[in-house]
Amino acid sequence: MTDSEHPITASYAKYVNPSFVKLLGVLGYGRVFSKAQDVWIWDSTGRRYLDCLSGFGSVNIGHNHPKLIARLHQLLDEQPYHLCHVGPAAGAAALGEALARRLAPPLEISLFGSSGAEAVEAGLKLARAATRRTDIVACEGAFHGMSLGTLSVVGNKRLSLPFEPLLPGVHRVPFGDLTALEQVLQKHRPAAFLLEPLQAEGGIVLPPPDYLRQAQQCCTAHGTLLILDEIQTGLGRTGTLFAHQAEGFVPDVLCLAKSLSGGIAPVSVAVTSRHLFDKAYGKIDRFDLHSSTFQGNAFSCAAAVQSLDIIDAENLAARSHARGAQLLAGLQQRLHGHPLVKDIRGRGLLVGIEFGPTGSGWLNRLAPGMVEKLTEAMFGQWVAVRMLEAGILCQPTSSRWDVLRLQPPLTISENEIEFVIETLVKVLDEYQGVAPIVGDITRRVGSQWRKHWRFQS
Ligand SMILES: Cc1ncc(COP(=O)(O)O)c(C=O)c1O
């Protein structure tokens, strides 16, 4: 049986998301992934792929880490009280303490949730309740989740437009622009400035040096809280346990999710100071103003505590730093001067390659607008297709499809990094101009059309 006839594909298209299955059929790069171990994943035909996506940054410790699996088996054998809302929950207490021990003061108290979006919502609610202010400042190009509250602060109109009207009182500033921030803080007295240490889904965008620390100072001077969204950059991904530790400042609220549970159980936190917690929720009649049913459940919290221990024990932050430097340097060296590579950037094992014609080929001279649009819409995705066919799973960033992200589990080895570099260079060697890539995409779409948009080409 081929993947295109796989019963899971048919059921998924019928009962879950027909549009997604259709989209995969446009280029024919559908796969049913069924097994995962460390940095490797397998599709239902038994083919193995190196994972350079990590569930969009959710498996920093590698898939199905044996110590995590053993801990979760042990927990289930203990038959714990999973959802304890009538008294102190053991798992939440242990995770709260494990986080506080790894963070600088005054970050101490964790508000729990299940998804990253919930952690950001928790941060925004806390900021409003603690400051008694309403407005929020967010960055252009930011990504913080898909709930109505977080869509209000996301800087990607394609994602948010269908759901308007969103939260009022949201002001946008360019990421990295302190002058714009200062002006908004002065004019609107916002409750919070929400941002990522580096924009992942926005195209692996790094801020200017010292931007974050100075932004925090600006916010403090204006009585605005700085909420740092480390949902994708935290837990070793960028070469330190938390990205802000490399920036010499401590945010007022820190949001974590994704890799917090090792990629197995949904868990998220917004960590803040006792002082801010007291201001927002310190009275008895406010103790439950931020709660949800699965918040602090035993399974997720045990997974998170074990994942934090694995990150420490295996030095994954330092390994991310070293392997990330190897990946970045290797790509920069091997792709230097490539006519379709505009930039290669990143920190730790969060690396982006920005595509687009650097010179002026005939197609670019003939139709420059068209080339730009094609680049934005297709290049990153096409390279991801070719990489998948060569045995590596990767994807463009969700708001910038011209930027391919490489984001493997932090356990990746030196040899596996070399394999990634080698494969990408080989794929890009075939495309020394825009015309061949447009030709290949057109041929593939034509062939897919003839095959009635078959799931896997
Ligand atoms: C920086 C950032 N914040 C928030 C989120 C939302 O997390 P979730 O999808 O778990 O709601 C994401 C997800 O990709 C993210 O990358």
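**Reading the ligand shell and backbone**

Me: Which helix gives the most to the shell around the ligand?
Reply: Helices are DSSP runs of H or I with at least four residues, strands are runs of E with at least two, and both are numbered from the N terminus. Here helix H6 (residues 116-131) gives the most to the shell around the ligand, with 3 residues. This is a predicted model, in which local features need pLDDT of at least 70 and side-chain atom pairs count only at pLDDT 80 or more, while totals for chains, interfaces and linings use all residues. Residues are numbered from 1 along each chain as its sequence is written.

Me: Which residues come nearest to the ligand?
Reply: A residue is near a molecule or strand if its C-beta atom, placed from the backbone, lies within 6 Å of it. Of the 15 residues around the ligand, the nearest are Ser115, Gly116, Ala117, Gly145 and Gln232.

Me: Where is Pro106, and what kind of peptide bond joins Pro105 and Pro106?
Reply: The bond is cis, with omega about 10°, and Pro106 sits in the loop between helix H5 (90-102) and strand E4 (107-113). A cis bond also runs from Glu164 to Pro165, with omega near 5°; Pro165 lies in the loop between helix H8 (157-160) and strand E6 (170-173).

Me: Is Gln79 buried or exposed?
Reply: Buried means 20 or more other C-beta atoms within 10 Å of the residue's own, exposed 12 or fewer, and partly exposed in between, with C-beta atoms placed from the backbone. Gln79 has 8 such neighbours, so it counts as exposed. Gln79 is not a glycine, yet has a positive phi of about 50°, and is found in the loop between helix H4 (66-77) and H5.
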